[in-house]
Amino acid sequence: MNISFEKIVSKAKIQNRENDSDLDLQKMEYRRDPLTGRICTVIIGFAEKLKLLGETDRDLINRIAEATRKTCPFCPEAIEKVTPIFPKEYFPEGRIKTGESVLFPNLFPRSEFEAVAVLSRKHYLKLDEFTPELLANALKSCLIFIDRIKEMGLKEKYATIGCNNLFPAGASSMHPHIQVSVRSVPFFMNEILIDRSNKFFKSNGSNFWDELIMVEKELGERYIGSIGRTEWIVPFAPMGGNDVMGIIKHRSNLTEFSEDDLMDLGKGLSKILKYYEYNGLSSFNFVIHSGPINEELEYFWSSLRIMSRANLRDVYISTDSWYGTSLLLEGVSSEYPEKQAEKIRGFFHSK
């Protein structure tokens with residue numbers, strides 16, 4: 001096996017306040033990502049601390065939804081009047097529409113080409129209301145956007161699609177939407193994944209992602225299941241809470257995705273979000289890692305990564321954005337990935 005799963009089991013000693021002769025032990029595991037080498041610390045017992053920091057305040061979410069609906073630019077009665085349109089030389093239709101999805105330029109772009117794709121006419125969706133169709137249609141709008149840029153033969157070839165759902169995840173609006181960016185400079189994590197995949201291919205003569213799927217299926221510890229061309233696992237070294245990865249086989253960049261691939265991604269995401277909702281979660285991020293849109297790479301496959309964020313409540317603490325994750329770039333997990341995969345499988349294989 002060319003892929004190694006490295007971990008170190010350790011513990012911290014804490015003096016018991018009630019008995020001077022006793023020590024409390026905090027177990028932890030340091031895990032190294034098999035491709036990037038990034039370190040994740042699995043802290044057993046940390047989940048109890050997260051519970052103390054607060055559950056999702058559903059009443060607060062409903063109040064915010066009601067208060068913001070009337071002025072929301074993404075709602076049906078305002079979207080055609082308020083949101084910007086694309087330059088006619090690029091997109092003569094002004095906006096891209098697929099099902100309930102409407103895609104238009106981001107008013108504050110961080111890339112040469114950046115757009116927002118609204119998922120639904122509804123102003124707020126619970127996580128178990130993100131249907132495969134809504135997700136697939138929004139992804140399709142993004143791919144139409146990317147394909148148009150590719151057709152123009154411009155220098156911008158680095159693309160990604162991502163989602164910030166609710167304020168703890170970085171959203172400025174609670175109306176469900178995703179974003180797509182295409183630029184002339186590589187995205188940092190995408191570049192790392194591509195570079196390490198290339199090195200693995202040169203060293204071993206095989207595609208890392210293909211081997212990862214085969215190994216995870218064989219071990220059965222973190223493998224969740226497959227939908228069409230997509231394979232779903234809980235990563236050995238998570239980047240954050242409830243981290244799940246979907247690998248799109250034989251697709252090195254977004255422009256290679258078929259409509260079936262988009263629906264398969266939508267189905268997988270919908271199942272993961274139902275699992276999140278069942279566990280009382282309310283906020284999440286996901287991103288699709290892609291190779292350059294005009295290059296077919298035999299050593300790299302695109303992947304989707306989704307993880308939960310802090311629960312929305314009156315005073316929420318973003319335990320996933322402390323200096324360890326934001327500056328040291330390390331991951332933290334409050335649960336063994338193997339245990340989490342076991343829980344998710346039940347949702348993944350249900351209708």
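Rings of Phe, Tyr and Trp (its six-membered ring) form an aromatic pair if their centres lie within 6.5 Å; planes under 30 degrees apart count as stacked, over 60 as edge-to-face and the rest as tilted. The model is predicted, so local features need pLDDT of at least 70 and side-chain atom pairs count only at pLDDT 80 or more, while totals for chains, interfaces and linings use all residues. Residues are numbered from 1 along each chain as its sequence is written, and side-chain values use heavy atoms, with hydrogens and water left out.

**Exercise 1. Aromatic rings**

Determine how many aromatic pairs the whole structure holds, and classify the pair of Phe-86 and Phe-91.

Solution. 

Step 1. Helices (H or I, at least four residues) and strands (E, at least two) are DSSP runs, numbered from the N terminus. Phe-86 belongs to the loop between helix H3 (76-82) and strand S4 (96-98), and Phe-145 to helix H4 (residues 132-151), so the pair ties together parts that are 59 residues apart in sequence. Both Phe-86 and Phe-145 are buried.

Step 2. One aromatic cluster is formed by Phe-200, Phe-208, Trp-209 and Phe-300.

**Exercise 2. Charges over rings**

Identify the ring over whose face Arg-183 lies, and do likewise for Arg-222.

Solution. 

Step 1. The criterion is that NZ of Lys or CZ of Arg is within 6 Å of the ring centre and within 35 degrees of the ring normal.

Step 2. Arg-183 lies over the face of Phe-187, at 3.9 Å from the ring centre.

Step 3. Arg-222 lies over the face of Phe-5, at 4.6 Å from the ring centre.

**Exercise 3. The largest cavity**

State the volume of the largest cavity and describe its lining.

Solution. 

Step 1. On a 1 Å grid over the protein atoms alone, a cavity is a set of points where a 1.4 Å probe fits but cannot get out; a pocket is an open set with protein on both sides within 12 Å along at least five of seven lines, and lining residues have an atom within 4 Å of a point. Grid points are joined across faces, edges and corners, and a volume is the space filled by probe spheres set on the points.

Step 2. The whole structure contains 1 cavity of 30 Å³ or more. The largest cavity holds about 230 Å³ of space.

Step 3. Its lining consists of 23 residues, and Asp-33, Thr-36, Pro-235, Met-245 and Arg-305 lie nearest the centre.

Step 4. At least two lining residues come from each of strand S3 (39-43), helix H5 (188-204), helix H6 (208-219) and strand S13 (303-308). H6 gives the most, with 4 residues.

Step 5. Ala, Val, Leu, Ile, Met, Phe, Trp, Tyr, Cys and Pro count as nonpolar, Asp, Glu, Lys and Arg as charged, and the others, Gly among them, as polar. By class, the lining of the largest cavity has 16 nonpolar, 3 polar and 4 charged residues.

**Exercise 4. The second largest pocket**

Give the volume of the second largest pocket and the composition of its lining.

Solution. 

Step 1. The volume of the second largest pocket is about 340 Å³.

Step 2. This pocket is lined by 18 residues, and Phe-74, Asn-106, Phe-108, Val-116 and Ser-172 lie nearest its centre. The elements giving two or more residues to this lining are strand S5 (101-105) and strand S8 (177-183).

Step 3. By class, the lining of the second largest pocket has 10 nonpolar, 7 polar and 1 charged residues.

**Exercise 5. A residue in a strand**

Locate Gln-26 and decide whether Gln-26 is buried, partly exposed or exposed.

Solution. 

Step 1. Gln-26 is part of strand S2 (residues 23-32).

Step 2. Its relative accessibility is 24%, so Gln-26 counts as partly exposed.

Step 3. Contact means heavy atoms within 4.5 Å. Leaving out residues up to four places away in sequence, Gln-26 touches Ser-10, Lys-11, Ala-12, Ile-43, Ile-44 and Gly-45.

Terms used: Buried means under 20% relative accessible area, exposed over 50%, partly exposed in between (1.4 Å probe, protein chains only).
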